Amino acid sequence: MSLLAFAAALALSGGDAADEPQACAREIIVLGAGQDAGAPQIGNFADNAPLLYPSSLGVIDRENGQRFVFDATPAITRQLAMLEEATRMDRTGPRALGLRIDGVFLTHAHIGHYLGLAYFGREAAGANALPVFAMPRMAQFLRDNGPWSQLVTLGNIDLIEMEQGGFTIVSDDFGVLPITVPHRDEYSETVGFIMMTPDKRALYVPDLDSWDEFAASSGGTLEELISGVDYAFIDATFWDDNELLDENGLGRDMSEIPHPRVTQTMDRLAELPASEKAKVHFIHYNHTNPIRDPASEESALVEARGFNVARRGDRTCLSR
Ligand SMILES: [Zn+2]
Ligand SMILES: [Zn+2]
């Protein structure tokens, strides 16, 4: 390369250097960290805390020029715009234009995790055979019920069934393993995912009833899951059992409401080495959970105990 061409190339690449970690071949970006309904919660007109999008992770594979989204939330329009803005990259191939994503992975049929599929239909994107990876019951639910069935019959989405214990090979360098977790499964089973690259792995379990139930049904534990990955994005729906009570101690009785509390999960993992705790990124927090505010005492406590709170826009490198 001539010196002139080298200088021109440097000038071209210089603009993005600050926010575009080019050294990272594959990375995760947090597109949302809230519970299904996000925040402000519907009807909470006085909520002035920072906007919360429902939980979703984007995966950018620069080496293969691909992007994937985990969970299709009601905020998907803004989340795809965010993915685009955060990860400008030249793309070639059949999906270079339009939505500029190469596939969507679904955890389950609760509103925060799949309603965004509606935007792939003819009223919005009119997508063409966008790969949507789903477990068998989830896929059946989409095929059998409108408006989702129309996405299938019109060919907007191409449903690809995953199976428990079955590793989905996305490319030579990226694969996804679904893990069934206990949750109230009215319409679909519920899964989390382990995203695998040759270098690093990430766990995404935004929604489950309890880690003890997971152990009872799967024979595996949260601690084992964490030890098998480099990053663990896990359910942080509620902070503790007092969260839905008002200042007079009145409100919803939480004893019947599942989800591991953040305080319980931190207690459970307290004896792990610091390097294991540092893998944990709490995600899917309810609008009532004080960790949604980065300046709260509770957010500081999570950090002080050696864990992390996932925040929209966070980026973690999976392979260099
Ligand atoms: Zn959820
Ligand atoms: Zn759910």
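User: In this predicted model, are Asp-36 and His-284 buried or exposed?

Analyst: Asp-36 is buried, and His-284 is buried as well.

User: What makes these residues donors of the zinc ion (ligand 1)?

Analyst: A donor is an N, O or S atom within 2.8 Å of the metal. The OD of Asp-36, NE2 of His-113, OD of Asp-207 and NE2 of His-284 lie 1.8 to 2.1 Å from the zinc ion (ligand 1), so they meet that cut-off. The spacing of these residues in sequence is D-x76-H-x93-D-x76-H.

User: Why is the arrangement around the zinc ion (ligand 2) called irregular?

Analyst: Four donors count as tetrahedral if all angles lie between 85 and 135 degrees. Around the zinc ion (ligand 2) the angles are 82 to 165°, so the arrangement is irregular. The donors here are His-108 (NE2), His-110 (ND1), His-183 (NE2) and Asp-207 (OD).

User: Which residue coordinates both zinc ions, and how far apart are the ions?

Analyst: Asp-207 coordinates both, and the zinc ion (ligand 1) and the zinc ion (ligand 2) are 3.6 Å apart.

User: How do you know that His-108 is buried?

Analyst: Buried means under 20% relative accessible area. The value for His-108 is 1%, so His-108 is buried.

User: What makes His-183 count as buried?

Analyst: The relative accessibility of His-183 is 9%, and the cut-off is under 20%; His-183 therefore counts as buried.

How values were computed: Residues numbered from 1 in each chain as written. Chains lettered and ligands numbered in written order. Predicted model: local features only at pLDDT ≥ 70, side-chain atom pairs only at ≥ 80, totals over all residues. Heavy atoms only, no water. Donors = N, O, S within 2.8 Å, 3.2 Å for Na, K, Ca; no water. Buried < 20%, exposed > 50% of the residue type's maximum accessible area, 1.4 Å probe, protein only. Tetrahedral: all angles 85-135°; square planar, octahedral: opposite > 155°, others 65-115°.
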